[in-house]
Amino acid sequence: MKIFLLTVLTVSLIASGCQSSTQTANNNGANSANTAAKPEVLKVNDVVKAFQTARMPLNQLDFYNAATDPDKMLGKPNQYTEKVVWQTKETMKHAVETFANDADVQARKKVLEADKKFSGDFIYTHKNVLLRINKEMVPETAAKFEQILKAM
């Protein structure tokens with residue numbers, strides 16, 4: 001009888017240990033899936049390097065910080081976290097801005113689209129990035145910038 005009880009107890013302990021291991025493995029798998037589902041955060045330098053690699057026109061790159069940002073929005077709550085501006089012609093300025101989250105990107109896009117100063121500009125978003133290409137840019141070139149951004 002003792003051997004039978006010992007066997008039942010051993011089998012119970014082994015079964016409960018396996019079930020616990022399976023639950024832990026499933027939980028770890030779920031955590032891995034959640035981590036993998038997070039969108040990759042892009043940096044301004046990542047975008048610039050992708051454009052440079054594709055030999056896109058990038059002249060007079062100006063990387064802003066909180067002190068040099070003419071709009072005084074860099075680093076403020078719900079605003080861009082990084083910004084670079086460049087020119088392709090004397091009057092054609094373009095910009096890449098990065099944000100902490102998608103809601104901030106979309107809010108900024110709405111502001112730019114409503115601002116008459118940027119009326120007609122090509123405004124693209126991808127992940128945490130907003131790309132603004134001046135309306136004077138040839139549409140095919142603007143589309144190439146968008147294509148490179150969306151491939152990131």
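Student: What share of the 152 residues counts as buried?
Tutor: In this predicted model, 32% of the 152 residues count as buried. Buried means under 20% relative accessible area with a 1.4 Å probe, protein chains only.

Student: What are the ground rules?
Tutor: Numbering starts from 1 along each chain as its sequence is written, and side-chain values use heavy atoms, without hydrogens and water. Local features need pLDDT of at least 70 and side-chain atom pairs pLDDT 80 or more, while totals for chains, interfaces and linings use all residues.

Student: How many helices and strands?
Tutor: Four helices and five strands. Those are DSSP runs, numbered from the N terminus: helices are H or I with at least four residues, strands E with at least two.

Student: And which order do the elements run in?
Tutor: From the N terminus on, α-α-β-β-β-α-β-β-α.

Student: Switching to the sheet. What is the strand order?
Tutor: β1-β2-β3-β5-β4, an open sheet with antiparallel pairing. Two strands pair if DSSP finds at least two bridges between them.

Student: Which strands sit at the edges?
Tutor: β1 (59-64) and β4; each pairs on one side only.

Student: How many bridges join β1 to β2?
Tutor: Four, and the two strands run antiparallel. D62 stands opposite V85 in β2.

Student: What packs on the sheet?
Tutor: α4 does, touching β2, β4 and β5. The direction of α4 makes about 10 degrees with that of β4. Axes are lines fitted to C-alpha atoms, for helices over the stretch in contact, and angles run from 0 to 180 degrees between N-to-C directions.

Student: Now the largest nonpolar core. Which residues touch the most other members?
Tutor: F51, W86, V96, L131, I133 and F145, out of 22 residues. A nonpolar core is a set of buried Ala, Val, Leu, Ile, Met, Phe, Trp, Tyr and Cys residues joined through side-chain atoms within 4.5 Å.

Student: Which elements give two or more residues?
Tutor: α2 (44-53), β2 (82-89), β3 (92-98), β4 (122-126), β5 (129-133) and α4 (139-150). The largest share, five residues, comes from α2.

Student: What is I133 in contact with?
Tutor: Leaving aside neighbours within four places in sequence, W86, H94, D121, F122, Y124, A142 and F145. Contact means heavy atoms within 4.5 Å.

Student: What about a second core?
Tutor: A separate one has 12 residues, including M73, Y80, F99 and V105.

Student: And what share of contacts is between residues 24 or more positions apart?
Tutor: 46% of the contacts with a separation of 6 or more.

Methods
Buried means under 20% relative accessible area, exposed over 50%, partly exposed in between (1.4 Å probe, protein chains only).
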